[in-house]
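Q: Please take a close look at one residue of this structure and at the part of the fold around it. I would like a connected account that goes from that residue to its surroundings and then to the chain as a whole.

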Amino acid sequence: MSHEVQDFETQVLQRSREVPVLVDFWAPWCGPCRTLGPVLERMAAQAGGRWELVKINTEEHQDLAAEFSIASIPAVKLFVNGKVADEFVGALPEREIRRFLEKALPSPSVNQLAEAKRLLEEGANSVAAQVLEPIVAGEPGNSEARLLLARSLLGTNPERIAALLGPMGPDSELSERADAMRNLARLAQLAKCPSALPEANVRERYLAGAAAVSSGDFGAALEAFIEVLERNKQYENGGAKEACKAIFTLLGMRHPLVERYFRAFSSALHS
């Protein structure tokens with residue numbers, strides 16, 4: 001299948017209002033271009049229509065190269081709604097290209113994801129799960145949807161979370177948040193079998209933190225785990241510290257709960 005540009009206005013600008021278009025600026029004399037081109041073509045064939053590829057030979061289309069300030073090739077630009085949404089230069093390895101696309105491509109379910117986030121913040125986890133299940137089924141590569149669905153399952157089916165996050169390995173753009181969610185899923189499972197925790201004077205507060213994770217009450221969880229940190233930093237192999245870090249990572253450092261509790265966490269950690 002030829003991806004060479006015939007009509008830039010139609011194939012890229014207009015088409016990108018319907019589906020994202022990845023544009024590869026290349027030239028026949030460019031060695032890295034000849035390496036990158038087949039990789040992009042193979043990935044486009046596997047994309048299932050989520051994005052399309054257009055290739056522009058800069059020797060034949062110098063006007064387009066000048067219009068988009070192409071100073072080095074290969075240069076790859078992602079067009080969304082008629083404009084450049086993101087770009088990279090050079091022959092990146094396939095896993096880096098996948099990370100680029102994972103971050104840059106808009107989800108066709110962006111409105112539903114926003115609604116699911118709102119529901120989770122309001123504690124309506126079961127309703128959020130109903131929104132998210134079909135998104136994950138229809139977009140198995142949508143890592144954000146997987147993370148949100150995992151969060152919605154903390155109280156009902158934490159045992160499922162490991163498999164749900166299985167595709168999100170270290171190459172995923174959201175790998176740190178996925179690791180945080182795996183930690184929280186472990187805590188949610190601990191809340192169901194308290195006998196697995198060793199006896200100590202902080203055991204009940206640790207269990208309270210795990211139960212709060214399970215119910216999605218991250219504020220209560222942070223309060224409990226910070227208290228455990230203040231009293232016994234080594235309990236459950238430093239689990240309170242890791243629990244707090246996992247919540248911070250999952251929510252993001254600008255989340256109101258993180259801003260509220262991070263100083264207390266830091267103080268307890270270093271006291």
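A: Apart from its neighbours within four places in sequence, Thr58 is in contact with Phe25, Trp26, Ala27, Ala65 and Ile73. The model is a predicted one. Thr58 itself sits in the loop that joins strand E2 (52-57) to helix H3 (62-67). With a relative accessible area of 10%, Thr58 is buried, because the cut-off for that class is under 20%.

The structure contains 10 aromatic pairs. In general, two figures describe a pair of aromatic rings, namely the distance of the centres and the angle of the planes. Phe8 and Phe79 make an edge-to-face pair, with 5.9 Å centre to centre and 85° between the planes. Phe8 belongs to helix H1 (residues 8-14) and Phe79 to strand E3 (residues 75-80), so this pair ties together parts that lie 71 residues apart in sequence. Phe8 and Phe79 are both buried.

Phe25 is part of strand E1 (residues 21-26), whereas Phe68 is in the loop between H3 and E3, so parts 43 residues apart in sequence are tied together here. Both partners, Phe25 and Phe68, are buried. Phe8, Phe25, Phe68 and Phe79 together form one aromatic cluster.

Ser2 is found in the segment before H1. Its relative accessible area is 57%, so Ser2 is exposed. Between Ser2 and Glu41 the separation is 39 residues in sequence and 9.2 Å in space, C-alpha to C-alpha. Glu9 is located in helix H1, the helix that also holds Phe8. Glu9 has a relative accessible area of 42% and is partly exposed, whereas Phe8 is buried. Glu9 and Gln46 are 37 residues apart in sequence, and their C-alpha atoms are 25 Å apart in space.

The wider setting is as follows. The chain has 13 helices and 4 strands. Its radius of gyration is 23 Å, well over the 18 Å that the globule rule gives for 271 residues, so the chain is more spread out than a compact globule. The C-alpha trace spans about 75 × 40 × 30 Å along the principal axes. Among contacts with a separation of 6 or more, 62% are between residues 24 or more positions apart.

As for the surface, the accessible area of the chain comes to about 13500 Å². Carbon and sulfur atoms account for 49% of that area. The chain carries 30 positive and 36 negative side chains, and the centres of these two sets lie 6 Å apart.

Key:
Residues are numbered from 1 along each chain as its sequence is written. This is a predicted model: local features need pLDDT of at least 70, side-chain atom pairs count only at pLDDT 80 or more; totals for chains, interfaces and linings use all residues. Side-chain values use heavy atoms; hydrogens and water are left out. Helices (H or I, at least four residues) and strands (E, at least two) are DSSP runs, numbered from the N terminus. Buried means under 20% relative accessible area, exposed over 50%, partly exposed in between (1.4 Å probe, protein chains only). Contact means heavy atoms within 4.5 Å. The radius of gyration is taken over C-alpha atoms; the globule rule is 2.2 Å times the number of residues to the power 0.38. Accessible areas come from the Shrake-Rupley method with a 1.4 Å probe; for residues, only the protein chains shown count as cover. Lys and Arg count as positive and Asp and Glu as negative; His and the chain ends are not counted. The place of a charge is taken as NZ of Lys, CZ of Arg, CG of Asp or CD of Glu. Rings of Phe, Tyr and Trp (its six-membered ring) pair if their centres lie within 6.5 Å; planes under 30 degrees apart count as stacked, over 60 as edge-to-face and the rest as tilted.
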